[in-house]
Amino acid sequence: MPHLALVTLVVDDYDEAIRFCTDALGFRLVEDAPRPDGSRWVVVAPDGPGTGLLLARAKGDEQRARVGDQTGGRVGFFLHTDDFARDHARMLAAGVTFLEEPRHEPYGSVAVFQDLYGNRWDLLQPAG
């Protein structure tokens, strides 16, 4: 059955992006392999099932201009959790910038945060 395996996140630097994703978001490093062209194939993912992130270093001015604003200022990434309070506290302690206080909506507990480049994410514990 088809499924979405990876989503590309354009970054300035592989190693700083890996540190943010593993230390601040709690993801695991799935793969970090050198490529013949000098780039790397870097995949990070949360524990459990779901889609991973391919961290792709920006090449050229056009790609560098999109680092941190891949979705035009909208929330583009949705990180689900089974314990909002735990993960919110852990992420705050790791230096993650939240753009709002946690709120409780009919669909769950949520707060918008930004990654190290400014892309917006939802930390979301779905209701029920």
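A residue counts as buried when its relative accessible area is under 20%. The model used in these exercises is predicted.

**Exercise 1.** Decide whether Trp121, Phe113 and Phe98 are buried or exposed.

Solution. Step one: Trp121 has a relative accessible area of 4%, so Trp121 is buried. Step two: for Phe113 the value is 0%, and this residue is buried as well. Step three: Phe98, at 15%, is also buried.

**Exercise 2.** Classify the ring pair of Phe98 and Phe113, and state which parts of the chain the pair ties together.

Solution. Step one: the structure holds 4 aromatic pairs. Step two: the ring centres of Phe98 and Phe113 are 5.5 Å apart and the planes stand at 50°, so this pair is tilted. Step three: Phe98 belongs to strand 6 (residues 97-98) and Phe113 to strand 8 (residues 108-114), so the pair joins parts 15 residues apart in sequence.

**Exercise 3.** Classify the ring pair of Phe113 and Trp121, then name the cluster that ring pairs form.

Solution. Step one: planes under 30 degrees apart count as stacked. Step two: the planes of Phe113 and Trp121 are at 25°, with the centres 5.6 Å apart, so the pair is stacked. Step three: ring pairs link Phe27, Phe77, Phe98, Phe113 and Trp121 into a cluster.

**Exercise 4.** Check the radius of gyration of the protein against that of a compact globule.

Solution. Step one: a compact globule of 128 residues would have a radius near 14 Å. Step two: the protein has 15 Å, which agrees.

Terms used: Residues are numbered from 1 along each chain as its sequence is written. This is a predicted model: local features need pLDDT of at least 70, side-chain atom pairs count only at pLDDT 80 or more; totals for chains, interfaces and linings use all residues. Side-chain values use heavy atoms; hydrogens and water are left out. The radius of gyration is taken over C-alpha atoms; the globule rule is 2.2 Å times the number of residues to the power 0.38. Rings of Phe, Tyr and Trp (its six-membered ring) pair if their centres lie within 6.5 Å; planes under 30 degrees apart count as stacked, over 60 as edge-to-face and the rest as tilted. Helices (H or I, at least four residues) and strands (E, at least two) are DSSP runs, numbered from the N terminus. Buried means under 20% relative accessible area, exposed over 50%, partly exposed in between (1.4 Å probe, protein chains only).
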